[in-house]
Amino acid sequence: MSGRIGRTTDEKVAFHQAVYEKVQLIPYGKVTSYGHIAKLIGRPNNSRQVGQSLKHFRVNNQLIPLQSRIADIDSFPWWRVVSSQGAVSKREDMGGVIDQVDHLREEGVEVNERYGSYSLNIVHFGWFPVITEHDVDAEENDPVPE
């Protein structure tokens, strides 16, 4: 999922769909990490791709079969995913950072600002469900297509 344009494959669509399904499970007022989402979908080495999948949610959601698409894209809780250290990831557009911080604060998550960076107590606000054998399957070591 680098910056290059490639054709969409069934594997890419399945990856995005799996990410979006897990993100929707994060409870109100809680957060999880990109890495934990990757582990939950059986792709523990693909945390960066989870971030890219969330970054391009509106486009990728249209690739998912209609019956599995997220109908209300404005309520999709992308803002509940942060770095493993509890930092709100920086972006080219600072507006996206502020949107994420605002959403988190609306849910009661205490977000601290220091020198233009935002962070939270991931131990206190974190949601890290146990990963079962069902979550980790044979695809674990398969690379996500670029």
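A search of the whole structure finds 4 aromatic pairs. A pair here means rings of Phe, Tyr or Trp (its six-membered ring) with centres within 6.5 Å; planes under 30 degrees apart are stacked, over 60 edge-to-face, and the rest tilted.

Before I go on, the ground rules. This is a predicted model, where local features need pLDDT of at least 70 and side-chain atom pairs count only at pLDDT 80 or more, while totals for chains, interfaces and linings use all residues. Residues are numbered from 1 along each chain as its sequence is written, and side-chain values use heavy atoms, with hydrogens and water left out.

Now the overall layout. The protein has 6 helices and 4 strands. These are DSSP runs numbered from the N terminus: helices are H or I with at least four residues, strands are E with at least two. Along the sequence the pattern reads α-β-α-α-α-β-α-β-β-α. Of the 146 residues, 40% count as buried. Buried means under 20% relative accessible area, exposed means over 50%, and partly exposed lies in between, with a 1.4 Å probe and protein chains only. The accessible surface comes to about 8700 Å², and 50% of that belongs to carbon and sulfur atoms. Those areas come from the Shrake-Rupley method with a 1.4 Å probe; for residues, only the protein chains shown count as cover. Next, contacts, meaning heavy atoms within 4.5 Å. Among contacts between residues at least 6 apart in sequence, 67% join residues at least 24 apart.

Back to the rings. Which residues do ring pairs link into a cluster? They are Tyr20, Phe57 and Phe76. Take Tyr20 and Phe57: this pair is edge-to-face, at 5.0 Å centre to centre and 90° between the planes. Tyr20 sits in helix α1 (residues 10-23) and Phe57 in helix α4 (residues 57-61), 37 residues apart. Both Tyr20 and Phe57 are buried. Then Tyr20 and Phe76: the centres are 5.4 Å apart and the planes at 80°, so this pair is edge-to-face. Phe76 lies in the loop between α4 and β2 (81-82), so the pair ties α1 to a part 56 residues away in sequence. Phe76 is buried, as is Tyr20.

Next, the helix crossing. Two packed helices are described by the angle between their axes and the distance between the axes. α1 and helix α3 (residues 47-55) pack at about 85°, with axes 10 Å apart. Axes are lines fitted to C-alpha atoms, for helices over the stretch in contact, and angles run from 0 to 180 degrees between N-to-C directions. α1 and α3 are therefore roughly perpendicular; that label covers 65 to 115 degrees, with under 35 roughly parallel, over 145 roughly antiparallel and the rest oblique. On the α1 side, the contact uses Phe15, His16, Val19, Tyr20 and Val23. On the α3 side, it uses Gln49, Val50, Ser53 and Leu54.

Last, the hairpin. Strand β3 (residues 111-114) and strand β4 (residues 117-120) pair in the antiparallel sense over 4 bridges. Pairing needs at least two DSSP bridges. Arg114 stands opposite Ser117, and Asn112 stands opposite Ser119. β4 has a covered face, Tyr118 and Leu120, and an uncovered one, Ser117 and Ser119.

The hairpin has 2 residues between the strands. Most residues other than glycine have a negative phi. Tyr115, in the loop between β3 and β4, has a positive phi near 55°. Is Tyr115 buried or exposed? Tyr115 is exposed, with a relative accessible area of 74%.
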